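Me: I'd like to learn how to read a structure, one feature at a time. Could you walk me through this one?

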Amino acid sequence: MEKPVLSPDFTIDDIHKLREYNYYLTKDMTPQERMDYYNKKGRAFQQEIEESKLQKV
């Protein structure tokens with residue numbers, strides 16, 4: 001499945017597309033692989049937030 005193209009207005013349909021895409025990425029993973037996947041993505045996002053906070057100061 002290809003990465004979804006999101007609309008500039010970010011609608012409910014975009015959320016459905018993202019959820020479906022994420023399901024297809026993770027459906028064949030073991031529970032440990034899925035936990036590692038989400039933790040890695042979460043840490044990357046947390047790092048982005050921290051960097052943006054530092055740039056605002």
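**Reading the model, feature by feature**

Me: Let's start with Asp 14: is Asp 14 buried or exposed?
Reply: Asp 14 is buried, because its relative accessible area is 1%. Buried means under 20% relative accessible area, exposed means over 50%, and partly exposed is in between, using a 1.4 Å probe and protein chains only. Before we go on, this is a predicted model, where local features need pLDDT of at least 70 and side-chain atom pairs count only at pLDDT 80 or more, while totals for chains, interfaces and linings use all residues. Residues are numbered from 1 along each chain as its sequence is written, and side-chain values use heavy atoms, with hydrogens and water left out.

Me: Which residues does Asp 14 touch, leaving aside neighbours within four places in sequence?
Reply: Contact means heavy atoms within 4.5 Å. On that basis, Asp 14 is in contact with Val 5, Leu 6 and Ser 7, once neighbours within four places in sequence are set aside.

Me: Where do Lys 17 and Asp 14 lie?
Reply: Both lie in helix α1, residues 12–26, at a spacing of 3 residues, about one turn of the helix. Helices (H or I, at least four residues) and strands (E, at least two) are DSSP runs, numbered from the N terminus.

Me: You mentioned Leu 6. Where is Leu 6 found?
Reply: Leu 6 sits in the segment before α1. Its relative accessible area is 36%, so Leu 6 is partly exposed. Not counting residues up to four places away in sequence, Leu 6 touches Asp 14 and Leu 18. The C-alpha atoms of Leu 6 and Leu 18 are 8.6 Å apart, although 12 residues separate the two along the chain.

Me: What is the phi of Phe 10 near?
Reply: Most residues other than glycine have a negative phi. In Phe 10, phi is near 50°, a positive value in a residue other than glycine. Phe 10 also belongs to the segment before α1.

Me: Which residues does Thr 26 contact, leaving aside neighbours within four places in sequence?
Reply: Thr 26, a residue of helix α1, is in contact with Arg 34, Tyr 37 and Tyr 38, leaving those neighbours aside. The side chain of Thr 26 also reaches the backbone oxygen of Asn 22 at 2.9 Å. Thr 26 is buried, because its relative accessible area is 5%.

Me: How many aromatic pairs does the structure hold?
Reply: A pair of aromatic rings is described by the distance of the centres and the angle of the planes. Rings of Phe, Tyr and Trp (its six-membered ring) pair if their centres lie within 6.5 Å; planes under 30 degrees apart count as stacked, over 60 as edge-to-face and the rest as tilted. The structure holds 2 such pairs. The Tyr 23 and Tyr 24 rings have centres 5.5 Å apart and planes at 70°, so that pair is edge-to-face. For Tyr 37 and Tyr 38, the centres are 5.3 Å apart and the planes are at 70°, so this pair is edge-to-face. Tyr 37 is buried at 18% relative accessibility, whereas Tyr 38 is partly exposed at 39%.

Me: Zooming out, how many helices and strands does the chain have?
Reply: There are 2 helices and 0 strands. The radius of gyration is 15 Å, well over the 10 Å that the globule rule gives for 57 residues, so the chain is more spread out than a compact globule. That radius is taken over C-alpha atoms, and the globule rule is 2.2 Å times the number of residues to the power 0.38. Buried residues make up 9% of the 57 residues.

Key
Polar contact = N/O pair within 3.5 Å; in protein donor to acceptor, adjacent residues only side chain to side chain.
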